[in-house]
Amino acid sequence: MALLVGIGMPFAPAAHESTGATSDAAPRFEAPPPGSYELPPIDRVHEHQLTGSDGAPAPLLGLARDEIALVSFVYLSCGEACPLATATLHRIDRELAGDPELAAHVTLVTVSFDPARDTPARMRELETSLAPKGRWRFLTSANRAALEPVLEDFGQDAVWIPGPETAEAPDRLRHVLKVFLVDAQRRVRNIYSTGLMDIRLVLNDVRTLLAEAEGNPS
Amino acid sequence: MATRFLTSILIGLLAATAFADETCQSPYMPKLSGQEDYVYVWTLGIDGVGDGSDKLVTVGANPARPDYGKVVATASVGGQHEAHHGGFTDDRRHLWVGGLDTSKIFIFDVAADPAKPKLVKTIEDFPEASGGVVGPHGYYALPGRMLIPSLSNAKDFGGKTALVEYSNDGNYIRTVWMPDDAPYGYDARVNATLNRLLTSSFTGHKNYMRKLPELMGDAEAMKNFGNTVVVWDYHARKPLQTLEIPGAPLEIRWALDPTHEYAFIEAALTGKLWGVFRKDDGTFEALEVADIGPPEAQPLLAVDISISANDKYLFVDTFMDGKVRVYDIENPRAPKQIYERKIGSQVNMVSQSWDGERIYFTSSLLANWDGTGGDDEQFLRAFTWNGKELSPTFDIDFRKEKLGRPHLMRFGQLGFWAAGNPAASSEVAQRP
């Protein structure tokens, strides 16, 4: 059934939507070159302490002076657009593997919405399966209450819709899929959504921010 | 669980077909599926009518509910601001609505209780924060932000204007002024698949706040209407092309099928329907594709258009004769009018449900432009559409109900953010 959802059967997922754009299709536009445009700050977020896939405390961002993060909130029982966000980060990870100089400045972060089910062990399973080539952290939290300030800080909406509480049909989460581009000063510089998640645009945004940082060393 | 997630990743690059409410919504928003429960109507106040204030009116829209066709709630904002347009944030939790005269923006929480929107924030310093932009017109959801195409400027109140962005929290982000060869603004719509933004052009504060008969009699002032549509690189916010579309090209509607690379725009003063088509080299061309009403009757002021989700029908309203005309647009380069109906003595906005079965109309254009075609009747009228004709379902007289001049409509749904939402239930049922 996830396959049917994934290939565009006429089903109306209320929380996860896309416009029919796919980042795997042949591109229909040239991406604007890095540095040819601006990415004004949208918001500033805080550092938060979560739980890593090894079960130890881990910072959400943990950015050094010249580093950038791409942060995505997902949950492992999501069968629709969350996999798209993770697939996008996966492709970015593979692209960065071919550009070590760029990769040294980028960290990918996947945070679970669902700490009750997405335990550190499950996040470790996901991490192992994706076999990241670069820096990619998989985080969860102690409970939903611990995650709430993070979601509020990022402006990431998330509403749990109770289900029958069985393993086969757990609660569902209504949220808009977003991937946040965060600079070294913890400013959100872009937000990507299911309207279109084109890794050329994401990587050019990363290059744009790094060029900006080089021009304005702090 | 992780295995299924990984399996989904493999097919996660394919996109699900989107099902949406009003077909003009931003591609970045979650959409309503099924029946809307409410129509939110942003309404101008009229002196001597009720409290005289601009207000957000909530009307019951679900025939299965006892509040169908009735005013459920009103939320006055105090004062008359030239209430005009509005739009949801990308998470659909807030509805932003604004005033073209005072440039104030009112942000309503529509998630906590969809039956009773609550004003939670007012942006009072839009002209100052934006560097001199006046007349916030459209409210178009981007991820985490709102894009506000505007109409005028604080320097001369003419038509030179800008696109302004705010965060969902209501904090100013940036101003992008329209290019020198196309300085006027009105609507802004993104085609995410093509990374293209289209903007259209109207007129400035000193024209749109002026009484219409007086304005139309002033030949010099009538020269100050837009005649351009700009094609932008959306991601870079850079103008790429300026297309000439004379006669105030206003509402832009991209075709919704992602393989259909065109949009429709109506020119208010000439009564012409235009298509903007992507060419093989990736640039765009604008072509006149149909008449909107008889040429000898112009200007009828073609004011709003609505495209059906299957890209088959286009509804076009003309203000001066109060009519809607429906076009078969399956051949977008040769639309054919297949139906027309008089909705009232004047008509402006038209909104349709995603399934195309329910169509809503409101009457008001601008406080100083209303009533010039005859009776200044003010209404929300609802119809069903069966592909051939409109059949009326309910009608609310906004003067009789002491509300004002109804304008922008947006749909709400009970339980969208809560358990028991039928769409959410179907989501669970469909999962493996």
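Tutor: Let's begin with a term: a residue is buried if 20 or more other C-beta atoms lie within 10 Å of its own, and exposed if 12 or fewer do. Keep in mind that this is a predicted model.

Student: Thanks! Is B:Glu82 buried or exposed, then?

Tutor: B:Glu82 has 23 C-beta neighbours inside 10 Å, so this residue counts as buried. It sits in the loop between β3 (71-76) and β4 (83-88) of chain B.

Student: What should I notice about the backbone there? What is the phi of B:Glu82?

Tutor: Here is the general idea: most residues other than glycine have a negative phi. B:Glu82 is not a glycine, yet its phi is positive, near 65°.

Student: How do I read the helix before it? Which residues of α4(A) are buried?

Tutor: In general, an α-helix has 3.6 residues a turn, so residues three or four places apart point the same way. In α4(A), the buried residues are A:Pro120, A:Arg122, A:Met123, A:Glu125, A:Leu126 and A:Leu130.

Student: How much of chain A is buried overall?

Tutor: Of its 218 residues, 49% count as buried. Chain A has 6 helices and 10 strands. Among its contacts between residues at least 6 apart in sequence, 72% join residues at least 24 apart.

Student: Back to chain B. What is the order of the strands in its open sheet of 4 strands?

Tutor: As background, strands of a sheet pair through backbone hydrogen bonds, either parallel or antiparallel. In this open sheet the order is β17-β18-β19-β20, with antiparallel pairing. At the edges are β17 (249-254) and β20 of chain B, each with a single partner strand, so one side of each has no neighbour in the sheet. From one strand to the next, the twist averages 25°.

Student: How many bridges join β17(B) to β18?

Tutor: There are 4 bridges between β17(B) and β18 (residues 262-267) of chain B, and the two run antiparallel.

Methods
Residues numbered from 1 in each chain as written. Chains lettered and ligands numbered in written order. Predicted model: local features only at pLDDT ≥ 70, side-chain atom pairs only at ≥ 80, totals over all residues. Pairing = 2+ DSSP bridges. Axes fitted to C-alpha atoms, helices over the stretch in contact; angles between N-to-C directions. Contact = placed C-beta atoms within 7 Å.
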